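Open the model in your viewer and keep the selection tool at hand. This tour moves from stop to stop, with a short note at each one.

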Amino acid sequence: MKSLIDRVVKIMAIMYGRNSEVVSYLSQDKCFLFCDTENQLPLNFDEVECLIFNEIIELDGGCNEKGEETEVYKLTSLAQEKIKNILKDRKRLLLKA
């Protein structure tokens with residue numbers, strides 16, 4: 001559990017102040033964080049769920065064609081403020097039980 005919290009906080013630190021999006025390639029069982037369209041960081045589905053649960057990212061689109069299923073998430077309108085608060089105090093990070 002602590003490693004998930006540490007990893008999600010690091011991911012948020014990378015996202016802070018940047019134009020970021022998360023792409024889940026459901027058919028390939030892979031997720032990636034893209035920041036400013038140049039960096040790519042592999043994520044796991046638990047980390048993506050934590051970002052959604054904390055209202056850092058929200059579904060923006062995707063594809064549901066067989067074999068090409070993807071979901072694309074963008075930062076929420078309040079993401080930067082939420083990230084800033086979580087970076088100051090990790091106890092604000094909510095985990096899905």
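## Start at helix α3

The buried residues of α3 pack against α1 (2-15) and β5 (70-75). Buried means under 20% relative accessible area, exposed over 50%, and partly exposed in between, with a 1.4 Å probe and protein chains only. Helices (H or I, at least four residues) and strands (E, at least two) are DSSP runs, numbered from the N terminus.

This is a predicted model: local features need pLDDT of at least 70, side-chain atom pairs count only at pLDDT 80 or more, and totals for chains, interfaces and linings use all residues. Residues are numbered from 1 along each chain as its sequence is written, and side-chain values use heavy atoms, leaving out hydrogens and water.

Select residues 79-88, which form α3; A79, I83 and I86 are buried there. These residues cover an arc of only 65° around the axis, which puts them on the same side of α3. The arc is that of the directions from the helix axis to the C-beta atoms. An α-helix has 3.6 residues a turn, so residues three or four places apart point the same way.

## The sheet

Now show the strands. They form an open sheet of five, in the order β3-β2-β1-β5-β4, with antiparallel pairing. Two strands pair if DSSP finds at least two bridges between them. The edge strands are β3 (39-43) and β4, each pairing on one side only. From one strand to the next, the twist averages 25°. Axes are lines fitted to C-alpha atoms, for helices over the stretch in contact, and angles run from 0 to 180 degrees between N-to-C directions.

Select β1 (residues 20-25) with β5: five bridges pair them in the antiparallel sense. V22 stands opposite Y73 in β5. V23 stands opposite V72 in β5.

Move to β4 (residues 57-63). Six bridges join β4 to β5, and the two run antiparallel. Here C63 stands opposite T70. β4 and β5 form a hairpin with six residues between them. Pick out G67 in the turn, with its positive phi of about 85°.

## Helices on the sheet

Select α2 next. This helix lies across β1, β2, β3, β4 and β5, running at about 135° to β1. Contact, here and below, means heavy atoms within 4.5 Å.

α1 and α2 (residues 45-53) pack at an angle of about 65°, with their axes 10 Å apart. The contact is made by L4, R7, V8, I11, M12 and M15 of α1 and D46, E47, C50 and L51 of α2.

Zoom in on E47, which lies in helix α2. Is E47 buried or exposed? E47 is buried, with a relative accessible area of 4%. Leaving aside neighbours within four places in sequence, E47 is in contact with L4, R7, V8 and I11.

## Last stop: the cysteines

How many disulfides does a search of the whole structure find? The search finds zero. A disulfide is counted as a pair of cysteine sulfur atoms within 2.5 Å.

Select C31. C31 is in no disulfide; the nearest cysteine sulfur, that of C50, is 13 Å away. C31 is buried, with a relative accessible area of 2%. Finish on C35, also in no disulfide: the nearest cysteine sulfur, that of C31, is 14 Å away. C35 counts as buried at 2% relative accessibility.
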